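Welcome, and thanks for taking a look at this one. Below are a few numbered points to read beside the structure.

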Amino acid sequence: MNKNIRNFSIIAHIDHGKSTLADRLLEYTGALSAQEMTEQVLDSMDLERERGITIKAHAVRLLYKADNGNDYILNLIDTPGHVDFSYEVSRSLASCEGALLVVDASQGVEAQTLANAYLAIEHNLEIVPVINKIDLPSASPEKTKEQIEDAIGIDCSDAILASAKEGIGTKEILEAIVKKIPSPKGESTKPLKALIFDSWFDNYQGVIVLVRVFDGKVKAGKKIKPMATGSVFEVSQVGIFSPKMELVESLSSGEVGYIIAGIKSVTDTKIGDTITDVDNPAQEPCPGYKDIKPMVFCGLYPTTPHHYENLRDALNKLRLNDSSFIYEPETSLALGFGFRCGFLGLLHMEIIKERLEREFSLSLLSTAPTVVYRVTKTNREILYIENPSLLPEKYETTEEPFVATTILAPKDFIGPILDLCQEKRGVQKSFTFIGKDRIKVEYELPLNEILWDFYDRLKSLSKGYASMDYEFLGYRESNLVKLNILLNGEVVDALSLIVHKDKAYYKGRELTERLKEIIPRQMFEVLIQAAIGNKIIARESVRALRKDVIAKCYGGDITRKRKLLEKQKEGKKRMKKVGKVELPQEAFLAVLKVK
Amino acid sequence: MPEFLYIHIPFCIRKCLYCDFFSVPYDESLAKAYIDTLCKELILKKDYAKSLKSIYIGGGTPSLLPDECFIQLFRCFRDNFHLSSSPEITVEANPGTVNESTITTLLSLSVNRLSIGIQSFHNDELRTLGRIHTSDNALQTVELTRRAGMGNFSIDLIYGIPGQTMDSWHQSISETIRLSPTHISTYELTLEEKTPLYELIQSDEINPPSPPFIKGGTWGFSNKIRMPDEELILEMYNHAIDFLTACGYEHYEVSNFTLPGFRCMHNLNYWDRGEYIGVGAGAHSFVSGLRSINSEDVNNYIEHLNNGTIPESESTKLTTLDTVKEFIFLGLRKTEGIIINKLPPFIPPLARWDRGGCYSLLNACSELVDDGYLEIENGNLRLTKKGLVISNTVIVKLFERLM
């Protein structure tokens with residue numbers, strides 16, 4: 001049976017046509033009729049489609065009759081396309097024997113192409129190169145092949161030329177999957193070993209777990225446990241996605257499908273964990289499990305204090321579906337009661353914030369995102385600082401997270417890119433040509449420096465041509481200080497930030513200037529100061545409001561003027577009162593806008 | 001029941017550059033048809049009021065109307081409404097549209113108050129505003145008003161005009177005082193969106209687009225015009241308050257000054273949140289707790305009344321909260337402020353108002369009182385001088401605390 005199964009992923013840089021190709025494969029194999037095809041079926045969350053990225057991995061079973069006359073089961077395991085989710089990508093790849101490497105024939109190799117291809121090589125996957133979008137006038141398949149060979153070192157002589165949009169090459173791709181990608185190994189008779197590569201919470205069925213079964217067999221009635229967490233559950237249902245949810249009797253070695261087992265929270269089914277049989281457990285779990293830690297933190301506060309409970313409930317609900325994000329209550333002098341939330345990355349943070357506001361109708365105020373700093377106190381105690389205002393006064397050393405960043409760009413843009421990395425405290429590790437006109441540079445950079453505007457600036461410096469990817473390196477010692485912002489003499493904890501000492505003066509000045517533009521005039525003068533410890537390093541002020549009065553108000557003006565005042569009041573609703581000063585949301589994000 | 005009647009006359013010779021009111025070019029036959037229609041609406045509304053304390057004929061430019069129109073209109077008032085013993089009857093008049101016969105006619109019809117839209121005594125400022133008259137026209141109008149025997153008149157002035165200086169503003173106020181009107185209104189020029197002046201200020205153009213209903217208007221400016229600086233406007237306002245008060249005029253509302261005994265009863269009714277009947281195209285009414293507006297379109301207005309219906313384009317049912325807001329923001333326009341004891345029982349001065357979690361007025365203002373924006377004296381809640389110039393902000397703060 002196993003020899004007729006192929007488990008594969010599609011890996012590609014964003015916008016290189018991964019989702020369109022998936023649609024085409026579904027359509028060609030009849031998994032969905034052309035009519036049933038809503039475009040890009042696999043990206044089912046609204047948010048994913050709006051942002052044009054895949055956040056959650058999915059798995060679809062395709063049935064294909066090959067030219068050799070045999071019937072095959074092809075399991076397409078979709079992978080998220082963003083660096084924030086690279087661990088999830090690695091678990092999806094671990095569930096496969098092969099991968100289609102899709103590269104846009106007009107764009108060529110990009111940073112995520114590399115990152116994902118290396119990841120696939122690490123997992124010993126058979127890589128099938130697909131040169132996509134060959135129908136575009138700007139397509140240059142030969143150059144693209146050359147780049148793949150140069151950068152990744154895989155043979156591209158029989159790379160498939162395709163256009164997912166036009167349906168060119170679809171059959172060739174399916175044939176290559178059958179011919180080149182090995183069938184899964186493993187024994188149905190061995191103890192159950194199933195790798196979790198995705199899980200989510202469904203309001204009706206509880207947690208739905210997507211697994212790749214390596215050894216053994218799982219079916220309804222079995223008692224199972226995820227090996228890392230150890231809780232025991234009884235399987236109520238197993239099935240596959242075709243892409244519709246379909247019940248099957250069992251899932252055996254080599255197969256991909258879902259398990260439902262009355263699980264209440266995704267925290268019990270962490271991605272990368274191995275499910276085994278309680279009565280006949282596997283000796284070893286599948287390799288590569290990591291308890292992933294959030295990299296980016298921010299404070300989330302309701303704009304009106306009495307929505308605190310609603311926010312807590314909403315966070316709780318989202319957490320059911322996303323074990324990679326964490327939250328705990330925190331209190332800010334400036335903002336009151338809220339939560340410190342941790343995310344895999346900035347995109348992950350944006351998505352969660354947007355869902356909280358959209359799905360739970362919450363109005364939120366968020367503090368500037370920060371990385372986690374590691375501080376060794378004078379008594380050798382080690383603290384992890386997720387909130388800049390909590391940096392202690394005295395410490396032995398401060399360390400910050402560094403990332404290995406890979407940037408690919410056409411050679412004409414490389415000058416300004418190197419300057420940017422320099423400005424961001426980067427250390428160059430390599431500089432190589434890929435093909436004749438593309439350059440790959442590797443830098444070690446503090447994560448903090450690339451969090452906010454780095455990517456946008458990289459894009460604008462390179463007219464959109466540069467791409468980047470990064471991976472966590474570890475903590476390194478850095479000379480860090482806490483920069484406090486004072487409004488009318490009071491420290492606003494929610495505006496504090498940790499900065500490198502060499503940049504503190506500059507940042508203090510920039511930040512006060514920016515806040516001056518953001519803070520609206522109030523009934524009194526607002527003094528804005530930046531300070532390191534007790535030392536004031538920058539100062540600005542917002543003049544008091546001088547004149548705000550309706551000149552004329554007679555019989556015909558009353559309703560209009562009332563509405564004018566109500567509008568003014570509505571505008572203030574979105575402001576947060578800190579002491580007597582009213583601050584708009586932008587004020588808390590002002591630090592992001594400072595270079 | 002309302003005791004105040006407002007009649008709207010939406011005709012002008014041409015539109016001023018800063019004006020965002022609805023008006024149409026004056027046309028005698030249209031005006032006559034319009035007056036006939038006003039009479040129809042008056043008849044339909046005759047039972048709305050038992051007795052009228054005031055009639056106010058505003059515009060537009062009511063003084064453009066031929067004498068017989070006024071005669072017809074006043075006959076209609078007499079036939080359909082009861083007037084109280086000493087009603088205040090005001091007509092708005094613009095310099096350049098008034099002659100001796102107009103004033104004599106109005107006096108004979110028992111009009112006892114004229115509101116004259118002079119705005120400035122500087123021709124360059126009048127030009128910037130797009131007014132049709134000159135400083136001399138204004139003086140002539142006042143002269144003939146007085147000669148005809150209409151001693152009770154008000155003069156409107158505008159400050160904050162592009163190009164205006166403290167000196168020129170002082171001269172306009174001084175000239176006004178020399179004419180000894182019983183009442184003076186000084187309005188800050190408000191730049192309203194969609195007016196030619198607004199477009200001009202926003203753009204880099206020197207010349208205004210030709211204002212509506214004039215062909216080939218030629219009053220270009222030699223330089224780009226700019227609104228005066230906020231501090232200068234504030235200084236002008238404070239100067240008007242100081243100087244007019246020193247000359248014996250009582251500052252009784254944000255923009256209004258009066259000699260003792262000559263407050264405008266009609267306008268006070270608006271700020272006391274009293275009801276009123278509005279008649280005419282675009283006229284607003286406040287009757288039985290409902291605020292409504294007649295259709296602005298003159299032809300549509302005439303057509304509807306020919307068919308016996310009043311064309312109301314909008315009416316607003318006020319919630320209790322809206323009512324509270326109105327009492328506050330209207331009442332605080334008066335320098336005497338809100339007489340707390342005269343507020344309706346659903347705005348309790350002290351107890352907590354529980355429906356919707358509304359706090360009492362006095363609790364809500366305590367911080368604003370402490371900070372010197374509001375004051376409470378002899379049961380009156382009012383803005384201080386410091387609070388007056390930023391009254392919108394103060395009122396919004398009060399709203400926030402109340403609701």
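How many helices and strands are there in chain B? Point 2 takes that up, after a word on conventions.

1. **Ground rules.** This is a predicted model, in which local features need pLDDT of at least 70 and side-chain atom pairs count only at pLDDT 80 or more, while totals for chains, interfaces and linings use all residues. Residues are numbered from 1 along each chain as its sequence is written, chains are lettered from A and ligands numbered from 1 in the order in which they are written, and side-chain values use heavy atoms, with hydrogens and water left out.

2. **Chain B, overall.** Chain B has 14 helices and 17 strands; these are DSSP runs, numbered from the N terminus, with helices being H or I of at least four residues and strands E of at least two. Its radius of gyration is 22 Å, close to the 22 Å that the globule rule gives for 403 residues, so chain B is as compact as a globular protein of that length. (The radius is taken over C-alpha atoms, and the rule is 2.2 Å times the number of residues to the power 0.38.) Along the principal axes, the C-alpha atoms of chain B fill a box of roughly 60 × 50 × 40 Å.

3. **Chain B, inside and out.** Of its 403 residues, 57% count as buried, meaning under 20% relative accessible area, with exposed being over 50% and partly exposed in between (1.4 Å probe, protein chains only). Among contacts in chain B with a separation of 6 or more, 69% come from residues 24 or more positions apart; a contact means heavy atoms within 4.5 Å.

4. Where does Thr323(B) sit? Look in helix 11 (residues 320-331) of chain B. Thr323(B) is buried, with a relative accessible area of 10%. Beyond its neighbours within four places in sequence, Thr323(B) is in contact with Arg273(B), Leu318(B) and Phe346(B).

5. **Chain A, overall.** Chain A has 14 helices and 34 strands. A compact globule of 595 residues would have a radius of gyration near 25 Å, and the 27 Å of chain A agrees with that. The C-alpha box of chain A is roughly 85 × 70 × 60 Å along the principal axes, and 59% of the 595 residues are buried.

6. **Where the chains meet.** The contact takes 29 residues from chain A and 45 residues from chain B. About 3600 Å² is buried between chain A and chain B, with carbon and sulfur atoms giving 54% of it; buried area is the accessible area (1.4 Å probe) that two parts lose on being put together, summed over both. Met523(A), Lys547(A) and Tyr554(A) supply 20% of the area that chain A buries against chain B, more than any other three residues.

7. **Backbone spots to check.** Most residues other than glycine have a negative phi, and most peptide bonds are trans. The peptide bond from Gly59(B) to Gly60(B) is cis, with omega near 25°, and Gly60(B) lies in the loop between strand 4 (52-59) and helix 2 (67-80) of chain B. Ser361(A), which is not a glycine, has a positive phi of about 45°; Ser361(A) is in the loop between helix 8 (346-359) and strand 20 (364-366) of chain A and is exposed, with a relative accessible area of 65%. Gln119(B), also not a glycine, has a positive phi of about 70°. Is Gln119(B) buried or exposed? Gln119(B), in strand 6 (residues 113-119) of chain B, is buried, with a relative accessible area of 5%.
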